[in-house]
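This briefing goes through one protein model by topic, for use beside the sequence and the coordinates. Please keep both in view while reading the points below.

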Amino acid sequence: MKTIFGPVPSRRLGFSLGVDIIPYKTCSFDCIYCELGKTDCKTIEPVEVIQTEAVLKELEGMLSASPLTLDYITVSGSGEPTLHPQLGLILQEIRKIARVPIALLTNGSLLFKEEVLERVLAADVVVPSLDAPDRKVFQTVNRPHPSLTFDQLIDGLIKLGKAKGPRVWLEVLLLRGINDTPEQIEGFGKYIKKINPEKIHLNTVVRPPVESYAAPVPDDRLKEIRKTWGPRAEIIAGPSQDKVQAKRIPEESKICDLVARRPCTAEDIAQFLGLSLEETVPLLDRLIQKKKITYESFNQQGFYRGL
Ligand code: SF4
């Protein structure tokens, strides 16, 4: 199983190499907006299908084969990375291999457990999610494992905010008519104050979601909400503006790898490859003809997805 992907240009993490430590699609949540697909294995039990040695070996091999100027190494998963029982060790070992800051993306659901919180502290930046201002919306949006509660999520996020170590950038994903009313935004604000993150990343649905009713919040509304939450808040929805540093020879497997992890627009893929749109679209057409990827539209945009 391939565990390293990219580098990909990311709006908040620059030029970032991904380390995928959880198999598809294993998660403690089954979010209605998830771009990876429905959760097949909803669990809170440790999952060690992907072996630590294999991850590190692949990363080492990739970094030595092509020295890259990276902004971050981003640990995530085709699901929830804090389910990996060796997460702490993986983060520590990555630090030895690569002198690049390490970011960890997590849904935050297990941070209330002491052993999980301890593991994530080895990252330089932790990017947890908060998509609900109350228990009801938590159930509607995140569809958590039955044993998880909203109070545990908040407790874990507050503990993370207080812990010494990583910078905390809280991601809040807003959905039209579900968690974006003025009262709900005020509700989020109260928890954000308690969590006290360094940054608040305001996001909405930009790629095809699992549930068609998970609709994006319009730009104007996002801008209003950003103002409400003050200078720490920034909108991260929308394509990355970062420039890919080097043109590389496009390889079909790189495109397939990228879209297997999340649906991408032609612009995303062009930027990833360091090519123009005119050069990229014929490559994508070829892959569709070969039945290696598919095309679908969402919110008036076209997306390519792996098969
Ligand atoms: S969005 Fe993240 S937390 Fe939610 S189901 Fe998908 S992988 Fe899990």
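Arg 143 is found in the loop between α4 (135-142) and α5, where helices (H or I, at least four residues) and strands (E, at least two) are DSSP runs numbered from the N terminus. Phi of Arg 143 is near 40 degrees, a positive value in a residue other than glycine. The model is predicted, so that local features need pLDDT of at least 70 and side-chain atom pairs count only at pLDDT 80 or more, while totals for chains, interfaces and linings use all residues. Residues are numbered from 1 along each chain as its sequence is written, and side-chain values use heavy atoms, with hydrogens and water left out.

**Backbone geometry**
- Asn 196, in the loop between α6 (182-195) and β9 (199-204), has a positive phi of about 55 degrees although it is not a glycine.
- Asn 196 is partly exposed, with a relative accessible area of 48%; buried means under 20% relative accessible area, exposed over 50%, and partly exposed in between (1.4 Å probe, protein chains only).
- A cis peptide bond with omega of about 10 degrees joins Gly 6 and Pro 7, and Pro 7 belongs to strand β1 (residues 4-10).
- The peptide bond from Tyr 24 to Lys 25 is also cis, with omega near -25 degrees, and Lys 25 lies in the loop between β2 (14-20) and β3 (26-27).

- Leu 175 is in contact (heavy atoms within 4.5 Å) with residues including Ile 32, Tyr 33, Val 141 and Val 217, not counting residues up to four places away in sequence.

**Helix α9**
- Helix α9 (residues 266-273) is mostly covered, with six of its eight residues buried, among them Ile 269, Phe 272 and Leu 273.
- The buried residues of α9 pack against β1, α8 (252-261), α10 (277-289) and β12 (301-306).
- Just after α9, Gly 274 takes a positive phi of about 75 degrees.

**Domains**
- The domain assignment, whose bounds come from an automatic or database source, gives domain 1 (4-244) and domain 2 (247-307), and their C-alpha centres lie 24 Å apart.
- In the contact between the domains, 23 residues of domain 1 meet 18 residues of domain 2.
- Domain 1 and domain 2 bury about 1700 Å² between them, 55% of it on carbon and sulfur atoms; buried area is the accessible area (1.4 Å probe) that two parts lose on being put together, summed over both.
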